[in-house]
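Reader: Could you take me on a close look at one part of this fold? I would enjoy a connected tour of a single residue and what lies around it.

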Amino acid sequence: MQIAKLQKLCKSLGGDLIALSREQYDSKHNKTFYECPFARGRLGLDFTKKKVLYADEPVWTEIVHEMGHVFARKKAPPFTKEWSFLGVGVRGVLVPGRRS
Ligand SMILES: [Zn+2]
């Protein structure tokens, strides 16, 4: 249910949320998308095509994080200031309105 809602939201923003088989995911790994480092090999994104890709059992909160990269940032994940773009300061304290 959560996944269907997130996919609908991705599409409304001009992107998509796509389920891949384990074989599809592994064949794309490190070739066409950025893999989420904390999602245990099951979540990634294609930044230029605005697509969040997952395999196996996705965790919706992790998908929302990747959607932040795809839809809220102008730069791909390696070129963003990961710890500040969602308003989290260097000590992990939430700073409303703070952006990188
Ligand atoms: Zn991230």
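**Asp-46 and the sheet around it**

Author: Happy to! Keep in mind that this is a predicted model. Let us begin with the sheet, where 2 bridges join strand 2 to strand 3, and these two strands run antiparallel. Within that pairing, Glu-35 sits opposite Gly-44 of strand 3. Helix 3, spanning residues 60–72, packs on the sheet and touches strand 1, strand 3 and strand 4. The direction of helix 3 makes about 20° with that of strand 3.

Strand 3 covers residues 43–46, and Asp-46 belongs to it.

Stepping back, the whole sheet is open, with 4 strands in the order 1-4-3-2 and mixed pairing. Strand 1 (16–19) and strand 2 (34–35) stand at its edges; each has a single partner strand, so one side of each is left without a neighbour in the sheet. Helix 1, made of residues 2–12, also packs on the sheet, touching strand 1 and strand 4 (51–54). The direction of helix 1 makes about 135° with that of strand 1.

Technical notes:
Residues numbered from 1 in each chain as written. Predicted model: local features only at pLDDT ≥ 70, side-chain atom pairs only at ≥ 80, totals over all residues. Pairing = 2+ DSSP bridges. Contact = placed C-beta atoms within 7 Å. Axes fitted to C-alpha atoms, helices over the stretch in contact; angles between N-to-C directions.
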